[in-house]
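Please look at the structure first.

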Number of protein chains: 2
Amino acid sequence: MEALMSSRPGYGSVSAVVLDALRGIVGESGVLTGDSMQDYARDEAPNAAAFMPGVVVKPGDASQVSRVLRLANESKIPVTPRGAGTGLSGAAVPILGGIVLSMERMNRILEVDENNFTATVEPGVILRDLCQAVESKGLYYPVYPGEMTATLGGNVATNAGGMRAVKYGVTRNFVLGLEAALPSGEIIETGGQYIKCSSAYDLTQLITGSEGTLAVVTRIVLRLMPPPGQRSVVLAPFDSLEKAIDAVPHILRQRVLPMGIEFLERDGVHVTEEFVGKETPIHQYEASLMIIIEAENEGEATRICSDVGELCLERGAIDVFVANGERAAELLAFREKVWPAIAQGGRADMADVVVPRKHIAEFVRKARQASRDVGVGVFLLGHAGDGNVHISPILPDVPDGAARMADFFHRVYELGISMGGAVSGEHGIGYLKKPYLESVLAPAKLDLMKRIKLAFDPNNIMNPGKIFDI
Amino acid sequence: MEALMSSRPGYGSVSAVVLDALRGIVGESGVLTGDSMQDYARDEAPNAAAFMPGVVVKPGDASQVSRVLRLANESKIPVTPRGAGTGLSGAAVPILGGIVLSMERMNRILEVDENNFTATVEPGVILRDLCQAVESKGLYYPVYPGEMTATLGGNVATNAGGMRAVKYGVTRNFVLGLEAALPSGEIIETGGQYIKCSSAYDLTQLITGSEGTLAVVTRIVLRLMPPPGQRSVVLAPFDSLEKAIDAVPHILRQRVLPMGIEFLERDGVHVTEEFVGKETPIHQYEASLMIIIEAENEGEATRICSDVGELCLERGAIDVFVANGERAAELLAFREKVWPAIAQGGRADMADVVVPRKHIAEFVRKARQASRDVGVGVFLLGHAGDGNVHISPILPDVPDGAARMADFFHRVYELGISMGGAVSGEHGIGYLKKPYLESVLAPAKLDLMKRIKLAFDPNNIMNPGKIFDI
C-alpha cells in the first residue's frame with residue numbers, strides 16, 4: 001500500500017482555526033501549546049529522540065474524545081493517544097506532530113463491583129490507584145507490568161505483561177469490555193461484565209494491544225480476582241543458565257502454578273546489588289531462578305516452597321533460599337530494580353523478545369553470542385516461566401556504536417522469530433521496533449493488518465507511523 | 001451496506017468444472033456429492049431446517065484448504081467450514097449452498113509439548129481425543145464445553161465455553177496461536193507457543209469466535225495446564241433462586257476459585273431425574289447450586305468443600321451435600337443430561353444469553369415472566385458463576401406456537417442486552433440468532449464488523465449469511 005498521508009506537506013501541523021475548535025471542545029485549560037508540551041514529546045524509551053506535538057489536548061469525557069476525533073478526522077490531523085508516557089517503544093510519542101490526546105483527566109474509577117468481580121475505569125486511571133481501590137474492597141487485580149505509575153489505558157494499548165503472567169496471563173486476559181471512540185467520532189461498546197461471549201467478532205481483544213492505532217479507549221471493564229493469601233519467593237542458584245531454565249518445566253508441572261518464574265544472571269545481579277547497595281544470597285552464582293509463589297496461607301506456602309525447592313535441588317540447583325513476607329517483598333523489589341540499575345548509565349537499550357519457553361536457554365546463549373559477534377555488551381534477564389526475555393545491550397562507546405546496536409537488535413529479533421517467537425512480548429512495537437517487525441512479519445499478515453487498520457481508520461489519523469506504516 | 005452476492009442468481013451452485021477442480025485438489029475420495037451429503041445439511045440446533053450443500057470437500061492439509069479457498073474465491077462460491085456439526089446455532093450449515101469444507105480428515109494431534117505446556121492440533125481433532133492425549137502426558141486442557149465429540153476447530157470457531165469458565169475461562173483463553181487460510185488462499189500464522197505478545201494486532205483472538213466468516217483455521221496451538229488433583233461437588237439447595245444466586249459472589253470471594261457454579265431449578269431437575277431414571281438429593285427443592293471444586297488433594301478438597309458448604313448455609317441454603325470421586329462425577333454427568341432431557345421431546349429450543357452475573361436472579365425472574373406473558377413453557381438453568389443462562393422454551397402445541405417462540409426469544413435477548421449482557425455466551429450466532437443480534441447491536445459496531453469482515457474476505461465467500469448479512 002502506498003503512504004497515505006504522512007508525506008503530504010503540512011501534515012501534522014495544527015491551524016489556528018483547529019486550535020480554536022479544540023478549545024471549544026475541551027475548554028481553554030484542556031489545550032496546551034508551546035513549551036508546556038515538552039513533557040509530551042517522549043516516553044521512557046532509552047536513547048530516543050523527542051518529537052514536539054502540534055498541540056496537546058486533554059479531554060474530560062468520551063463525548064469530548066469523540067468530538068476531537070471527528071474534528072481531526074475531517075481535518076486529517078494525526079492523533080497520538082497518550083497515558084502516563086511510561087512506554088518503552090515510542091507508541092505515545094507524536095512522531096508526525098498533530099494532536100497528542102492525553103487521557104490524564106479521564107482518571108476516574110467508575111465502579112469496583114464486588115458482585116461481578118469487575119472494575120470499570122477511565123483510561124487515565126493509574127495502575128497503583130486501581131490496585132489500592134480494589135484491594136480496599138477485598139479484591140485483586142493480578143496483572144503486574146512492574147510500572148505502577150502507568151495508566152490502565154496504556155496497559156490496554158500495549159497489552160502490558162509482567163512477572164505474574166505464568167499464573168494469571170497478561171492485560172488482555174483481564175480486559176472484559178471497552179468503550180472506544182472511532183476516528184469517525186462514533187462511540188462503540190465492546191464486551192461487558194462477563195467472561196463468556198460468543199456474539200460476533202471480539203473487538204475488545206482486537207483493540208487491546210493495538211497501541212492506539214485503531215480507536216481511543218474511553219472506558220475499560222477489568223476482571224478482578226479473589227486476593228491471594230500469602231506470597232513467598234524461592235531463590236534457586238545454578239551453575240549455568242541452561243540448568244536453571246531446564247528446571248522450569250518441572251516446576252510448572254506441579255499442581256500449583258507459581259505466579260512467576262524469573263531468571264537472573266550474575267552480571268545483572270551484581271549491577272543491581274551495587275544500585276540498591278545490598279548484596280543478595282545469589283551474589284556469586286552464574287544464574288538463578290526466582291520462583292514466586294502464591295498460597296492460601298502460611299502452611300500451604302511452606303509446603304509449596306519446600307516442594308519447589310526440592311525439585312530445584314533435584315534439577316541441579318546449588319542451593320535454595322525461601323523468603324516470606326517482607327523478605328519476599330524485598331526480593332521482588334530487587335528484581336524490579338534490575339532494569340533501572342542497567343539503565344542508569346543512559347547507554348542501555350532493551351528488546352523484549354518472547355520465544356516458546358523451552359527455547360529460552362538456547363535463545364539466551366545465541367543472543368549472547370550475537371552480542372560478542374557485533375561487539376556490544378549485553379544484560380539478559382527475564383520471565384523464564386513465559387518465554388519473555390529482556391535483552392539489554394549497552395551502547396558501546398565507539399564511532400559505530402549505534403550501528404552495532406541496530407545490527408544486534410536485528411539479529412536477536414530474527415533469532416527470536418526463527419525460534420517461533422515474536423518481536424515484543426510486552427512492551428509493544430511503537431515506532432522504535434517498527435523496522436524489526438516489518439522485517440520479520442509475513443507480507444500476507446502485514447497486508448491483512450493494514451486492511452483491518454483501514455476498516456477502523458480510513459484516513460490513517462490514529463497514531464500514524466506506529467506498529468507499521470500504511 | 002448492500003447485499004453483496006447472496007441475491008445473485010446461481011450463487012451457491014457448483015459447476016461440473018469446479019467439481020473437477022476440487023477433485024483435483026483433494027482427490028476423488030475427498031469430494032462428496034448427492035445423497036451422501038445429507039449428514040452435512042444440519043447441525044444439532046433443535047427445530048432447524050436442513051440445507052443441502054452444493055458439494056462437500058474434505059481437505060487433508062492446509063495447502064489443500066488454501067487451494068480450495070482460492071478456487072472458491074475466484075469462482076465466488078460460498079464456503080461453509082464444518083467440524084463435527086455439534087453446534088446449536090447453524091453456523092456450520094450451508095444455508096446458501098456452495099462448498100461445505102469439512103475438516104474431518106485434518107484430525108491429527110501434531111504435538112503435545114510437555115516443556116511449553118502446549119498442544120498443537122489440526123482443527124478436525126475431537127475434544128475427547130485431545131483430552132486423552134494430554135492427560136496421558138500428565139497435562140490438562142481445562143476448557144469443557146460439555147460436548148466431547150465436538151472438534152477443536154469448532155470450539156475455536158464458536159469460542160466454546162462450558163461449566164469450567166469461572167476458574168479457567170473459555171476457549172479463547174487457551175488459544176495461543178493459529179494457522180489459518182484466508183479466502184485469497186494465503187496462509188497466515190498468528191501467535192505462537194507463548195502467552196505474552198505485544199506485536200501488532202491480535203489476529204488469533206479476532207479469528208477465534210468468528211464462526212468461520214473470516215478465515216479457515218488449519219492449525220491450533222492450545223495452552224495446557226498442570227492437572228488438578230481431586231474434583232468434588234457441593235450441592236446446596238435453597239427455597240428460592242434469588243437466595244441461591246445471592247450466595248454466588250460470597251462463594252467466589254473465597255481465595256480458592258471454584259471451577260464452576262451451576263444453578264438448577266426444580267422443573268429441570270425433575271425432567272432430568274426421569275430421563276436418567278434416578279432421583280437426586282435436590283429433588284424436592286426450588287433451586288440449587290452445584291459448586292464444582294478442584295483441589296490438590298483429598299484433605300484440601302474436604303476443607304474447601306466444608307468452607308463452601310458453611311458459607312452456603314450462612315446464605316440460606318436448606319442443606320448441603322458434598323460428593324467426591326465417582327459420586328462427584330455422577331452429579332456432573334447428571335448436570336450434563338439436563339439439556340438432552342429437556343430436548344428429548346423435540347420441542348425444546350435454547351437461548352444462551354450472558355448477563356453480568358449479579359443480574360442473573362433478576363434476569364431469570366423476568367425471563368420467566370416473559371414466558372408467561374407470551375404463553376410458552378420454559379426451563380432455566382445455567383452457569384451462575386459466569387452469568388451465562390440457558391433458557392429453553394418449549395414449542396407450545398398451538399397454531400401460533402412458532403410465533404410465540406420468536407416473540408419470547410426477542411424479549412429475552414432484549415432483556416439480556418438491557419442488563420448489559422450479550423446475545424450468546426457460548427453457542428455463537430450462526431444464522432439462527434442473526435436477527436436477534438442485528439436487532440440489538442449498535443449500528444456503528446455492526447458496520448465496523450462488516451468492514452473487518454471485508455478486510456479478510458472482500459468477496460464474502462467465507463460462511464456468508466452467518467453472524468450478520470453483508
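## Model and interface

This is a predicted model. In it, 88 residues of chain B are in contact with 87 residues of chain A. The size of an interface is often given as the accessible area lost when the parts come together. Here chain B and chain A bury about 7,100 Å² between them. Carbon and sulfur atoms carry 57% of that area. In chain B, the residues that lose the most area to chain A are Lys196(B), Tyr201(B) and Arg255(B). Together they make up 14% of what that side buries.

## Polar and charged links

Across the interface of chain B and chain A there are 42 residue pairs in polar contact, with both residues at pLDDT 80 or more. Which elements of chain B give two or more residues to the side that touches chain A? They are β5 (109-113), α5 (165-168), β8 (187-191), α6 (203-207), α7 (241-252) and α15 (443-456). The most comes from α15(B), with 9 residues. By class, this side of chain B has 38 nonpolar, 28 polar and 22 charged residues.

Salt bridges also cross between the chains. The rule finds 12 of them across the interface of chain B and chain A. Over all chains, the count comes to 59.

## Lys358(B) and its partners

Side chains of opposite charge can pair when their charged atoms come close. Lys358(B) forms a salt bridge with Asp113(A), at 2.6 Å from N to O. Asp113(A) sits in strand β5 (residues 109-113) of chain A, and Lys358(B) in the loop between α11 (338-343) and α12 (360-374) of chain B, so the pair joins two chains. Lys358(B) also meets Glu111(A) in a salt bridge, at 3.6 Å from N to O.

## A helix pair in chain A

Two packed helices are described by the angle between their axes and the distance between the axes. In chain A, the axes of α7 (residues 241-252) and α12 (residues 360-374) come within 9 Å. They cross at roughly 155 degrees. Angles over 145 degrees count as roughly antiparallel, and α7(A) and α12(A) are therefore roughly antiparallel to each other.

From α7(A), the contact takes in Leu241(A), Glu242(A) and Ile245(A). These meet Ile360(A), Ala361(A), Val364(A) and Arg365(A) in α12(A). The contact has 5 nonpolar, no polar and 2 charged residues.

Key: Residues are numbered from 1 along each chain as its sequence is written. Chains are lettered from A and ligands numbered from 1 in the order in which they are written. This is a predicted model: local features need pLDDT of at least 70, side-chain atom pairs count only at pLDDT 80 or more; totals for chains, interfaces and linings use all residues. Side-chain values use heavy atoms; hydrogens and water are left out. Axes are lines fitted to C-alpha atoms, for helices over the stretch in contact, and angles run from 0 to 180 degrees between N-to-C directions. Helices (H or I, at least four residues) and strands (E, at least two) are DSSP runs, numbered from the N terminus. Angles under 35 degrees count as roughly parallel, over 145 as roughly antiparallel, 65 to 115 as roughly perpendicular and the rest as oblique. Contact means heavy atoms within 4.5 Å. Ala, Val, Leu, Ile, Met, Phe, Trp, Tyr, Cys and Pro count as nonpolar, Asp, Glu, Lys and Arg as charged, and the others, Gly among them, as polar. Buried area is the accessible area (1.4 Å probe) that two parts lose on being put together, summed over both. A salt bridge is a side-chain nitrogen of Lys or Arg within 4 Å of a carboxyl oxygen of Asp or Glu. A polar contact is a pair of N or O atoms within 3.5 Å; within protein, one must be able to donate a hydrogen and the other to accept it, and residues adjacent in sequence count only if both atoms are side-chain atoms.
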